[in-house]
Amino acid sequence: MNPNFQFSTFNLQRIQVAIADDHKMVVKSLSKLLDSSKIAIVTDIYYTLKSCRGGLTKSLPDVLLLDIGMPDGDGVEFCAEITKAYPNMKVIMLTSYKEFNVAKRALHNGALGYVLKNAEPEEIFTAIETVYHGKQFLCEEIDILLKKTGNDTVIWFSPREKEILQLIADGFTTREIAHKICRDEETVKTFRKILLVKLEAGNTAQMIKKACEQNLVH
């Protein structure tokens, strides 16, 4: 850590941070870094999305550092779920993914920050402090990438949405899809409505046609 780095004076108490990442060495290093700082303290650690989902019902941090490639699911899809459930909690995606589409989808799903795992400690501290106060923070690589590639007309689909879209295209009924993805029929119906809106389709036939045109299904 740069010895000349100065923390903001308006931080009178440490920000409570939870980490959801299955890379134990990364978690250990990051926890040690944050706990030794004057800005944040690690309150909870989760190695799966399932444990994180359960833990948040009992202990809600100010900021959640969330990995994308978790062993039991997609962190970006999970981000949409938890930011809806806990709107006051700020989420920072801490990841190795530099791809435009991943970053764009993370922000669309409610992440307020996006930081690469090879970031300097100062950048991680700044990200935590910035999102804690309700402002967006993007690491330099992603910020440049989004500005270069920015396209507000692009529509992003979560892995679950693509999965259900493919099942619909394959001719499965709502009940059959619910059974395949282990969800109830109402959840599948909700997904259908979302897909119709995103694809600007009036019915299932139009939806499948547009999905084929955009190579979303095969």
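This is a predicted model: local features need pLDDT of at least 70, side-chain atom pairs count only at pLDDT 80 or more; totals for chains, interfaces and linings use all residues.
**Exercise 1. At what angle do α3 and α4 pack, and what class does that give?**

Step 1. Take the helices: α3 covers residues 75-85 and α4 covers residues 100-108.
Step 2. Read the geometry. The angle is about 10 degrees, and the axes lie 8 Å apart.
Step 3. Apply the cut-off. Angles under 35 degrees count as roughly parallel, so α3 is roughly parallel to α4.
Step 4. List the contact. Val76, Glu77 and Cys79 of α3 meet Val102, Arg105 and Ala106 of α4. By class, this contact has four nonpolar, two charged and no polar residues.

**Exercise 2. Which residues are closest to the centre of the largest pocket, and which element gives the most to its lining?**

Step 1. Size the space: about 730 Å³.
Step 2. Find the centre. Of 26 lining residues, Glu77, Ala80, Glu81, Ser158 and Phe191 are the closest to it.
Step 3. Pick the top contributor: α3, with six residues.
Step 4. Sort by class. The lining holds twelve charged, seven polar and seven nonpolar residues.

**Exercise 3. What lines the second largest pocket?**

Step 1. Size the space: about 170 Å³.
Step 2. Name the lining: Val26, Ser29, Leu30, Leu33, Leu94, Lys117, Ala119, Pro121 and Ile124.
Step 3. α1 (24-35) and α5 (121-132) each give two or more residues. α1 gives the most, with four.
Step 4. Sort by class: seven nonpolar, one polar and one charged.

Methods:
Residues are numbered from 1 along each chain as its sequence is written. Side-chain values use heavy atoms; hydrogens and water are left out. Axes are lines fitted to C-alpha atoms, for helices over the stretch in contact, and angles run from 0 to 180 degrees between N-to-C directions. Angles under 35 degrees count as roughly parallel, over 145 as roughly antiparallel, 65 to 115 as roughly perpendicular and the rest as oblique. Contact means heavy atoms within 4.5 Å. Ala, Val, Leu, Ile, Met, Phe, Trp, Tyr, Cys and Pro count as nonpolar, Asp, Glu, Lys and Arg as charged, and the others, Gly among them, as polar. On a 1 Å grid over the protein atoms alone, a cavity is a set of points where a 1.4 Å probe fits but cannot get out, and a pocket is an open set with protein on both sides within 12 Å along at least five of seven lines; lining residues have an atom within 4 Å of a point. Grid points are joined across faces, edges and corners, and a volume is the space filled by probe spheres set on the points.
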